[in-house]
Amino acid sequence: MITPLPHDSAKGHVTGEALYVDDLPEPERLLTGRVVYSPHAHARIVSHDLTAARAVPGVHAVLAAADIPGHNQMGPVVKDEPVLAAEEVTCIGQAVFLIAGETDEQCREARRRIRVEYEPLDAILTLEKAMERGSLLGPPRKIERGDARRAVQEAPRRIAGEVLTGAQEHWYLETQCCLCVPGEPEQMLVYSSTQHPAETQALVAEVLGWPRNAVTVEVKRVGGGFGGKETQANHTACWTALLAHATGRPVKIRLFRDDDMIMTGKRHRFLIRYEAGFDEDGSVRGVVLDLNSDGGAATDLSFAILERAMLHADNAYFIPACSVTGTVWKTNLPSNTAFRGFGGPQGMVGIETIMDRIARALKRDPAEIRRKNFYGAGDEATGRSREGKTFTDAAGISESDRLQLRNTTHYGQVVENNRLPFIYDRLMASSDYILRRREIQAFNASHEFQKRGMALNPVKFGISFTTTHLNQAGALVQLYTDGTALVHHGGVEMGQGLHTKIQGIAAAELGLDPAHVRVNATNTACVPNTSATAASSGADMNGMAVKNAIDTLRGRIAEGLAGHLSEQYLGDPTMPGDLCFADGRITDTRHPDRSLAFAEALQIVYLRRISLSASGFYRTPEIGWDRQSGRGRPFFYYAFGMAVSEVLVDILTGAHMILRVDIVHDVGDSLNAGIDLGQVEGGFIQGVGWCTTEEIVWDAQGHLLTHSPDTYKIPTAGDLPEVFNVELLTGVPNPGTIRSSKAVGEPPFMLALSVWFAIRDALSAIAGHVVDPEIALPATRERILLEAERLRALHHETTGARA
């Protein structure tokens, strides 16, 4: 059993002792770096002159694209993103020049003296314009099962529509930051606030024209990432490394908040078009979805994000005939990038909107319609369907029989260990859903200018990178003869408690008090070729890699100690398999009197010249994904959750309050209940921001207008639900994972869709639930107010009631 631990940095966060890149002791001769970026959304660079800028006292380097010694590319997948623009700029915020000086004021003076002439070009700044112009970042993708269009056309009832989801700023507390310290010739130590140290190492090496073994990246902790530092921290690292290389001195770049928001990508905007056909009882027959994503000016991770959106277009629902098309469009905005959920939230909005509209069309409760269309909870091992039909050979089940089981996704993966029906029943009871629905109806009938709404929304979220080779992790565990352990792994601590979970795993596997285990900074010199800490897989994969290393060490220790004890007790040997590691001791279970303190045992093993250091490795089994056919098993398992949210909407001002939220979320056997609870609550509230307040606005020239805390509204304490009940589902271990746990980082984010749908429910009450609200996401005050006015006018027209 894992000992419950507080977050390993909790005290340091409060006292200020937890160090981030900008807090590290400054090396001697440290220079400040500054990035000069494009003021145009799209323009040709006609000419530039850096002479005057380079002459500013205290300035040691002013670099342009021609000064890059290696590759002028930092695209993580597709090489379409230059480190510094050379001939053309494609968005406001794109880096053009770099400056290193003794002080920031000297750098700013150098920036003022740069002479550059631009020739403005036509810019594409909206998703709709990109679609109209055919501005593609790559070919469309498609996943389908059956003839979805025919199923829709032949269904008794049909709906069609579109919904727009907005961008979202990551708003990590620590802005993009990097410190580079040059060493001996062709050596660079990089302290970066990155979620992907190995990729940062690779790109810095390529930009400098060096081999990767010349660059070491170290990350102690990151002050929030949420996906925004999975690829785009590489930019700041490359810029900083170029300046350090050019000057031969340490350089640090820390982006000012406004510059960070202007220069970096956001969550992808999506325009989702849908058609659905359904029966009179609410059962879905077919769905056609067209997902359109705003990729920005370069590819970044847009296609992987689109792919996950397409894979989650079903969310929790079995769709017999389903067609999902996805397209990434190119605009002249900073390249959009990973964000918590990685396309999953956008992918779910379409099908959740369909369920909501079906319920309204049939005058049924949306929760009832959602429950009716859940994936079947049939057991794959027995092949027993919800209707009771039994299939004797589950492995050889035909496609038609799979459809009867209702447990296969549109991409062919079986939904195993389905918790949805169980969670639904539990949440309906714990939230008093039926009673509160009656109370809401009574309230709305007696209140003209205030309306309450409630919604239940499920989440089924696949866990694994859809790029299969990324599902691997490494670790290095070192034991010392005083009985302590030092753990290195490839994951990055960014506030989510990964190091704390790894500490607990290592302590439990070694049978030690967690106080004797330390998790070290992530370092590419210790654990190479790591994957990003993303896809909610940090504890899953790195925990398994640490366990693998400890299994090796335990085997060595057991062999050595068994030999030693057998020599002490001739004729009655101790067998390695009989040794138990627990409570800080190693004990022969057949001879309990043969028990040694862990430190004493390590001394004995050391004297027998047995290595107390081991590397570990893990690759996620049983997964594979064929992008071309749109078939496979991209996910090792699914995480399930469900939320009921209730809101109060003032239809005269557009203001809303979240009155109550009830969540039941499946985390398997939790590795750390306190941390998991925090992830569920925090993820939900971040999702509330995306759904309600976090509107990103650009002007007609492509300037970001919401580039600071006074113009961009993230949730605050006042936005929290008045009642916030969160339950971690217990007693449901997850087979095949580290200590039967489940990932928890991303899935709770999408539970916040229940707030958006509760707002829609409240608005729908204005016109007696006969008109579908038309409101984009986020549902800001302005949008709520405008939609309320529209619905009041429609209600007045049809009933003659006062508007």
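Over the ring of which residue does the charged end of R267 sit?

Modeller: The charged end of R267 sits over the ring of F339. The distance to the ring centre is 4.2 Å. Keep in mind that this is a predicted model.

Now to rings facing rings. A pair of aromatic rings is described by the distance of the centres and the angle of the planes. The whole structure holds 12 aromatic pairs. One of them joins F318 and Y375. Their geometry is edge-to-face, with 75 degrees between the planes and 6.2 Å centre to centre. F318 lies in the loop between α9 (302-311) and β15 (321-330), while Y375 lies in the loop between α11 (366-372) and α12 (399-405), so the contact ties together parts 57 residues apart in sequence. Both F318 and Y375 are buried.

W690 and F749 make another aromatic pair. This one is tilted, at 40 degrees between the planes. The centres are 5.7 Å apart. W690 belongs to helix α18 (residues 673-692) and F749 to helix α19 (residues 747-751), so this pair ties together parts that are 59 residues apart in sequence. W690 is buried because its relative accessible area is 1%, under the 20% cut-off. F749 counts as buried as well, at 1% relative accessibility.

Ring pairs also build a cluster. Its members are Y411, W625, F635, Y638 and F640.

Next, the helices. Helix α15 (residues 498-510) has 13 residues. From its first C-alpha to its last it reaches 18 Å, close to the 18 Å expected at 1.5 Å a residue. α15 is mostly covered, with 13 of its 13 residues buried. G511 follows α15. The phi of G511 is positive, near 70 degrees.

Helix α6 (residues 197-208) has 12 residues. Its reach from first C-alpha to last is 16 Å, close to the 16 Å expected at 1.5 Å a residue. α6 is mostly covered too: 11 of its 12 residues are buried. Among the buried residues of α6 are P197, E199, Q201, L203 and L208.

Helix α7 (residues 233-247) includes A233. A233 counts as buried, at 2% relative accessibility. The C-alpha atoms of A233 and S192 are separated by 7.4 Å. Along the chain, A233 and S192 are 41 residues apart.

Last, the empty space. Rolling a probe the size of a water molecule over the atoms shows where empty space is left. The second largest pocket holds about 540 Å³. It is lined by 27 residues. G33, R34, V35, D104 and R254 are the closest to its centre. By class, the lining has 14 nonpolar, nine charged and four polar residues. Several elements each supply at least two residues of this lining: β1 (31-37), α3 (104-113), β6 (115-120), β12 (251-254) and α8 (257-263). β1 gives the most, with seven residues.

Definitions and conventions:
Residues are numbered from 1 along each chain as its sequence is written. This is a predicted model: local features need pLDDT of at least 70, side-chain atom pairs count only at pLDDT 80 or more; totals for chains, interfaces and linings use all residues. Side-chain values use heavy atoms; hydrogens and water are left out. On a 1 Å grid over the protein atoms alone, a cavity is a set of points where a 1.4 Å probe fits but cannot get out, and a pocket is an open set with protein on both sides within 12 Å along at least five of seven lines; lining residues have an atom within 4 Å of a point. Grid points are joined across faces, edges and corners, and a volume is the space filled by probe spheres set on the points. Helices (H or I, at least four residues) and strands (E, at least two) are DSSP runs, numbered from the N terminus. Ala, Val, Leu, Ile, Met, Phe, Trp, Tyr, Cys and Pro count as nonpolar, Asp, Glu, Lys and Arg as charged, and the others, Gly among them, as polar. Rings of Phe, Tyr and Trp (its six-membered ring) pair if their centres lie within 6.5 Å; planes under 30 degrees apart count as stacked, over 60 as edge-to-face and the rest as tilted. Buried means under 20% relative accessible area, exposed over 50%, partly exposed in between (1.4 Å probe, protein chains only). A charge sits over a ring if NZ of Lys or CZ of Arg is within 6 Å of the ring centre and within 35 degrees of the ring normal. The expected span of a helix is 1.5 Å times one less than its number of residues.
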